[in-house]
Amino acid sequence: MHIEFTTIRWKNFLSTGNTFTEVYLDRYKTRLIIGENGAGKSTLLDAVTFALFNKPFRKINKPQLINSINNKHCIVEIEFEIGKTKYLVRRGMKPNLFEIYRDGDMLNQDAANRDYQEMLEKYILKLNYKAFCQVVIIGSASFVPFMQLSAAARREVIEEILDIKIFSSMNALLKDEVSQTRNTIRDVEYDRQLVEEKIRMFNDTQRKLQTNADNLIADYQTKIDNTLSNINVLRTDIESLDNDIEALRLDTVGKAKSESKLKEMEKIQYQIDQKIDLLNKEIEFYDQNDECPTCKQSIESSHKEKINHECVGKKVKYEQGLKDLSIEYNKVKDNLDSIMKTINLIDSRNESITDKNYQIRSHNKYINDLNGQIQKLNDDRNNTDDSKLVEYNTQYGELDQQYNLLKEETNILGMASHVLKDNGIKSKIIIQYIPIMNKLINSYLQKMDFFVKFDLDENFNETILSRHRDNFTYASFSEGEKFRIDLSLLFTWRKVAKLKNSSSTNLLIMDEVFDSSLDAGGTEEFLRLIHELDERTNVFIISHKGDQLFDKFENVLKFEKSKSFSRIAT
């Protein structure tokens with residue numbers, strides 16, 4: 001499956017105003033994005049991930065994605081094609097918006113947003129956020145290199161790329177099936193034992209009916225009384241647990257209020273931080289300027305001192321307010337934590353009540369069976385009827401056959417579960433791809449003049465040997481060397497995805513890769529490498545080194561600030 005991203009557009013997103021900024025994603029093989037700091041050149045990264053996964057690439061709180069001047073109608077749209085099918089994803093805030101269109105028709109939105117997002121990731125993109133970032137984006141802000149991921153996270157990425165997460169889903173369904181089968185076995189075993197007991201009791205009754213029917217009835221009645229006593233104890237326990245729950249619920253009354261108060265205090269804290277930031281800018285302005293930049297009139301020192309004094313005074317008050325707010329916030333947070341502990345206690349007691357009710361139902365069923373036997377003794381005291389024994393034996397034979405079939409099914413499910421575990425079929429598939437991955441990684445490392453032997457094992461732990469056979473780890477290398485490894489892994493995952501036809505895409509975005517980690521030689525090798533990519537790859541490079549790179553790219557896209565809003569320079 002190849003995803004061809006074609007267009008992305010956004011408005012009122014970060015520093016962009018109420019006019020759509022539109023970027024065609026498939027027109028040029030290599031495209032350079034430049035601009036001053038704060039001009040909005042990295043907005044492309046956040047727009048892509050927000051549109052697809054409802055989260056920005058950089059570490060930005062979602063409310064801050066809305067342009068702070070217009071503060072509404074934040075919209076991001078991305079268009080892509082999979083085969084001959086065209087998709088459009090539209091996502092927005094104020095008002096909240098999430099729509100998916102396939103060939104112009106909006107897909108059913110009856111499900112909750114979470115299920116709608118799951119449909120986009122599992123059945124359309126077939127990529128989650130973590131895997132997407134490993135094959136599409138390298139950025140200096142929030143990118144976590146594959147080698148810095150945990151073992152579980154590395155495996156998750158590879159399973160997405162190799163399109164074998166279906167086995168994890170199958171394993172989850174299988175666990176439910178195993179659990180249901182075990183419950184059925186337990187019920188059948190109970191019924192089988194019950195019929196067996198009926199057969200035993202019938203035979204005993206037949207032998208002793210004429211001599212000790214009264215003793216048998218008395219014995220059954222004793223069992224009934226004992227069982228009723230047990231039921232009473234269980235009901236007393238349930239009543240006690242109910243009382244505990246009622247008492248505990250009194251301590252959970254303020255949950256909604258505390259949660260609301262926490263959100264309100266977070267909003268106030270944000271507003272105070274904004275005010276302090278404005279005061280700092282005003283203080284800095286008067287510290288650094290002796291004349292008005294607009295009218296060119298000199299600013300008297302007394303006026304500057306007065307303004308600075310007022311600003312400092314306000315700043316001190318706001319900072320004290322933040323401290324007081326933090327103390328109150330911690331109090332409310334502690335109270336909410338206490339409420340959640342109480343809720344957990346209530347859940348625990350409810351589980352105990354459920355278990356005891358199950359025991360009561362079992363006891364009542366047992367009592368009913370015993371009462372039935374007493375009734376039968378009274379009815380059949382002077383009569384014998386072997387037809388009942390035949391019926392019991394037939395029931396037992398059917399239940400025994402059903403039990404054996406269920407046990408056999410359990411064994412089959414157990415074998416299937418073993419196959420679907422991480423060390424089963426998924427591991428075998430991964431082992432087949434490990435040599436291919438290692439070959440590709442080392443090939444890309446050599447193309448970037450980094451001559452080491454890099455190998456990943458089936459658990460994705462690395463072994464790195466130098467020419468002199470010295471053993472290294474990823475952490476042993478410089479930032480530039482690490483970055484070469486990160487790039488090699490990125491290109492490898494894209495190549496493997498294309499080979500597997502699981503999550504191949506035309507889009508490759510790199511943020512400031514030339515600005516820190518790569519030296520001049522590494523830059524040249526990297527440029528050569530991206531120009532060797534196939535024609536279906538569209539590379540976007542975001543950089544501060546525009547003047548050094550203009551002639552290296554098919555197209556240059558410049559972002560600039562105009563009247564406090566970011567836009568593409570014409």
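Lys198, Met201, Phe202, Thr205, Gln373, Lys376, Leu377 and Tyr392 line the largest cavity. Please keep in mind as you look around that this is a predicted model. The largest cavity holds about 40 Å³ of space, and the structure has one cavity of 30 Å³ or more.

Which helices each supply at least two residues of this lining? They are helix H5, spanning 165-249, and helix H7, spanning 301-380. H5 gives the largest share, with four residues. Sorted by class, the cavity lining is made up of four nonpolar, two polar and two charged residues.

The largest pocket contains about 880 Å³ of space. A total of 29 residues line the largest pocket, and those closest to its centre are Pro63, Gln64, Ile66, Ser68 and Tyr270. If you want a place to start in the viewer, these five names mark the middle of the pocket.

Which helix gives the most to the lining of the largest pocket? That is helix H6, residues 255-288, with four residues.

How many residues of each class are in the lining of the largest pocket? There are 15 polar residues, along with eight nonpolar and six charged ones.

## Both spaces in brief

To recap, the largest cavity takes four of its lining residues from H5, while H6 provides four residues to the lining of the largest pocket. The volumes to remember are about 40 Å³ for the largest cavity and about 880 Å³ for the largest pocket.

Methods. Residues numbered from 1 in each chain as written. Predicted model: local features only at pLDDT ≥ 70, side-chain atom pairs only at ≥ 80, totals over all residues. Heavy atoms only, no water. 1 Å grid on protein atoms, 1.4 Å probe; cavity = no way out; pocket = protein on both sides within 12 Å on 5 of 7 lines; lining within 4 Å. Points joined across faces, edges and corners; volume = space filled by probe spheres on them. Nonpolar A, V, L, I, M, F, W, Y, C, P; charged D, E, K, R; others polar.
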